[in-house]
Amino acid sequence: MLALAGLIGCAGAACAQPAAPESFRARLPEDEFIYFVLPDRFENGDPSNDRGGIAGGRLEHGFDPAHKGFYHGGDLAGLTRRLDYIQGLGATAIWLGPIYRNKPVQGPPGQESAGYHGYWITDFLDVDPHLGTREELRRFVEAAHARGMKVYLDIITNHTADVIRYRDCATHDCPYRSHADYPYARRGGPDGAAINDGFAGVDQQTAENFARLTRPDFAWQPYVPAGEEHAKSPAWLNDPIFYHNRGNTTFQGESSRFGDFAGLDDLFTENPRVVQGMIDIFGQWIDDFGVDGFRIDTARHVNPEFWQAFVPAMLERARARGIPNFHIFGEVYDPDPGALATFIRVDRFPAVLDFAFQSAVSDVVARRAPTERLARLFQADILYEGGVATAGRLPTFLGNHDMGRFAHFVRQANPEASEDEVLKRVTLGHALLMFARGVPTLYYGDEQGFAGDGGDQDAREDMFASRVASYNDNRLVGSNATTAQANFDTDAPLYRAISRMAAIRAADPALRRGAQRVLNTSTEGPGLFAISRRAPDGGGETLIVFNTGTTPLAANLWVSAGLDRFEAVHGTCAPRVSAPGSYRVDIPPLDFVICRSLRPGDAR
């Protein structure tokens, strides 16, 4: 107990509780605190690779540090150099944005942007030269592992870069053409010439059936432009027969699975050759680098049968590499826990990013919804295959590189709030992230008070000194700094607060693996939200009590029978229950307390 009490006053890097390097493989996914970083925007360790070794101007090499949609110079060498900073925050795992070789620039004239984010892959087997080399990736992974930190790679199986064009559509905006209107057995519609004789459609996912799919021009007439015939690696990816070729998705109906994502070439993931190809590709990254998990992009846009083959193959590949707790989580951009649960029950993902948690916390902390909203979220945990145990492995988060930052949501919902109130709300959101069930996942820069101006490119600021005007005019939360200077300040208020929370969580198994019980909520507006986390060894409990309102509150909590004495882990806690089964808490506005029960014989 004294170890916990000693953490209350720690600050910054002093709060770090690094795991023993020899034991990091044994940690369960729910033990981690994940730090998500886009390498291009973190630290420039090697300016010589800024242009990726590509001659010409920015439309050739993609480097323009003054434009929010181009490469800025961050790389793997810079990340390796800043591991002290990340570990000092208390992070135990790093989710690395995609590091594969990308098409440097794409988009129609006047709307070009670069592949700095990593989601426009041409070579699935190599590191993008803007970010470094395979050897620099190896050094990064080994350096993280030497500290007891895990590394998760962001992977993409749904699409590649935009290379394929359609002869009968000259724009980048070719509309989706459905199966009914453009069947596989006819060229260009039901009245067209017969093609693909004997192909039985996508539901018969056998090599024999797909061998009969020989013509890709059933909907559009796809072709690879001159000079790009060998743009992709492995070589099989250059054949249009391995893509859906139906035009851009509308994100509705069948197009969500079969359409091109904003023009990106959509892989025919029902084809067994594509399935095995992706297993081979990403299995090799496990073999070669010994990474500890995958975050899987655009998971909802791929057919369930693909995942039912791919996920177990990756877990087996990891076990063969000596990685028993390989963590796989998919991106399913949906705030409905029922929709998220489908991808665990049907597609057989071990976990998905918890967009439902993100939505609920934003509603409660930023938008002042009653805290009953959170109770309803956690009631849905039983929907997941494996129930609450599976819910405990879901990576939870507050904002990201697509939707935007949590601080932006707070400011957007509270335009009249003082900066002190904004800081308190952002801190409170992170307390929910760190202490409620799930695997807390922090978007880089949030710990420095980055707020951004919105989603996508507006939420992808540089940690090193930025030259982007629309970043540099932003107000950071809790700081007078700007993004025009490097922001690796371990004394920044949010860095200090999050590192303290991480240390508390690391020291208490109940806060990492403990079963969660909702004790009390508000139903009429902001206010009380109280949960209990029970130690996995069946021992004591830790109470976490939040006040989302702007006035102090006091409440009696109905606690487990037999609990008597408590110690304060954060805030002020009564030393004893008021009566058997009743424990009084007092919480300041926009704040929280953590009270841990003491068992007989525990020292104060």
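Visitor: Why is the crossing of H8 and H9 called right-handed?

Guide: A crossing is right-handed if the near helix is turned clockwise from the far one by less than a right angle, and left-handed if anticlockwise; the crossing of H8 and H9 is right-handed. This is a predicted model, in which local features need pLDDT of at least 70 and side-chain atom pairs count only at pLDDT 80 or more, while totals for chains, interfaces and linings use all residues. Residues are numbered from 1 along each chain as its sequence is written, and side-chain values use heavy atoms, with hydrogens and water left out.

Visitor: What makes H8 and H9 roughly parallel to each other?

Guide: The axes of H8 (residues 272-289) and H9 (residues 304-320) cross at roughly 25° and come within 10 Å. Angles under 35 degrees count as roughly parallel, and H8 and H9 are therefore roughly parallel to each other.

Visitor: Which residues of H8 and H9 meet?

Guide: Contact means heavy atoms within 4.5 Å. Among the residues that meet are Val274, Met278 and Phe282 in H8, and Phe306, Phe310 and Met314 in H9. By class, the contact of H8 with H9 has twelve nonpolar, two polar and three charged residues.

Visitor: Why is Phe63 called buried?

Guide: Buried means under 20% relative accessible area (exposed is over 50%, partly exposed in between, with a 1.4 Å probe and protein chains only). The relative accessible area of Phe63 is 12%, and Phe63 is therefore buried. Phe63 lies in the loop between helix H2 (58-61) and helix H3 (76-81). Leaving aside neighbours within four places in sequence, the contacts of Phe63 are Asp50, Arg51, Arg58, Tyr71, His72 and Gly73.

Visitor: What makes E18 and E20 a pair?

Guide: Two strands pair if DSSP finds at least two bridges between them. Six bridges join E18 to strand E20 (residues 582-587), and the two run antiparallel. Trp558 stands opposite Ser582 in E20.

Visitor: Why do E12 and E13 stand at the edges of their sheet?

Guide: The open sheet has eight strands with parallel pairing, in the order E12-E11-E10-E7-E2-E1-E14-E13. E12 (351-352) and E13 (395-396) each have a single partner strand, so one side of each is left without a neighbour in the sheet. Two bridges join E12 to strand E11 (residues 327-330) in the parallel sense, and Phe329 has Ala351 in E12 as its bridge partner.

Methods: Axes are lines fitted to C-alpha atoms, for helices over the stretch in contact, and angles run from 0 to 180 degrees between N-to-C directions. Helices (H or I, at least four residues) and strands (E, at least two) are DSSP runs, numbered from the N terminus. Angles under 35 degrees count as roughly parallel, over 145 as roughly antiparallel, 65 to 115 as roughly perpendicular and the rest as oblique. Ala, Val, Leu, Ile, Met, Phe, Trp, Tyr, Cys and Pro count as nonpolar, Asp, Glu, Lys and Arg as charged, and the others, Gly among them, as polar.
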